[in-house]
Amino acid sequence: MAKLRKSISIHAPVDRVFAYATNADNVPEYWPSMIEVSNKKDLPSGGHEFDWTYKMAGMRFHGHSTPIEYEQNRRLTVRNEKGIESTLVWSFEGENGGMRLTLEVEYQIPPTLLGKLAQPFILKLNERELDSVLENIKAITEATAPVATNVQARTSVH
Amino acid sequence: MKKIRKSVLIQAPVERVFDYASNPENFPEVWPSMVEVSNIERKADGKHSFDWVYKMAGIRFHGHTDTTEVIPNQRVVTKSEKGIESVFTWTYAAEGGGTRLTVETQYTLPGTVLDKLAEPFLIRTNEREAETVLENIKSRLEMAAERTTGKQAQR
């Protein structure tokens, strides 16, 4: 299993970052290679399960995501099956008036990709992807009033 | 029109960088938000055209790209229409035994993404995407070279 751990400081309240990052509807917005999320089902224990289509190094994979640990505004652990087997641990901590978001990922590189591309390249690609994910969440959740208005407008777009 | 200019030094010969980076088939491999490339047509003069699906801020756009200028191992200019209007200029220059790859783009942010998210965020996201594309091309070519070298060393 490959492992990644990335962390970022965000100048926004923990509950705002948690609400945004853990909502599956937002994943294609902040995760560049997440092509599609569908069949989202809210769970009574918190969080939701959903299907996804993800592109890794040009190859598409379909999978299913299920939360295995949900602690509101603190932690979400998600297990992904099929396509790309992985576990994601999202941690949310208050820090200096803002918060620190940490994402840990353990994943199996699909064998079909390993037959096509060098493993160090795939690892580097995924590391850059995670940097973009955290930077995007930071930029969106730090945005102030004008964007909040746009978020409201988004409801009517969908 | 928004503008982006990014550059990277790749430890690989110009011909190899040009062959890889000017082939639209390779775009989805190194370009995170490039969902799909299809209907690639190559012309005798080295120009090509293709259709694409690109995701910006979670919204998918469909478009078409035509090469307007190609000088092998030096320069490629493409123009994209529909979905997201843009002009890309890719420049390849020998430098220090490797290649300096530079991409310059001029693009228009679609109204649908501007309705959804703030312009500064979209501009920053697209800048980061361009940096990522160049870094991924660099990794793809340099790491493949390392692997080849490794295999040769084993023989």
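Student: Before we get to the second largest one, what makes something a cavity here?

Tutor: A cavity is a set of grid points where a 1.4 Å probe fits but cannot get out. In this predicted model, the second largest cavity holds about 150 Å³ of space.

Student: What makes a residue count as lining that second largest cavity, and which ones sit closest to its centre?

Tutor: A lining residue has an atom within 4 Å of a point. The second largest cavity has 20 of them, and the closest to its centre are A:Pro32, A:Asn136, B:Ser33, B:Thr125 and B:Glu129.

Student: How do you know which elements build that lining?

Tutor: Look for those that supply at least two residues each: helix H2 (27-30) and helix H4 (119-142) of chain A, plus S3 and H4 of chain B. H4(B) gives the most, with five residues.

Student: What is the make-up of the lining of the second largest cavity?

Tutor: Seven nonpolar, seven polar and six charged residues. B:Glu129 is one of those closest to the centre, and Glu counts as charged, so B:Glu129 belongs to the charged group.

Student: And how much space lies in the largest cavity?

Tutor: About 420 Å³. Its lining has 28 residues, and B:Trp31, B:Tyr54, B:Ser86, B:Phe88 and B:Thr105 are the closest to its centre.

Technical notes
Residues are numbered from 1 along each chain as its sequence is written. Chains are lettered from A and ligands numbered from 1 in the order in which they are written. This is a predicted model: local features need pLDDT of at least 70, side-chain atom pairs count only at pLDDT 80 or more; totals for chains, interfaces and linings use all residues. Side-chain values use heavy atoms; hydrogens and water are left out. On a 1 Å grid over the protein atoms alone, a cavity is a set of points where a 1.4 Å probe fits but cannot get out, and a pocket is an open set with protein on both sides within 12 Å along at least five of seven lines; lining residues have an atom within 4 Å of a point. Grid points are joined across faces, edges and corners, and a volume is the space filled by probe spheres set on the points. Helices (H or I, at least four residues) and strands (E, at least two) are DSSP runs, numbered from the N terminus.
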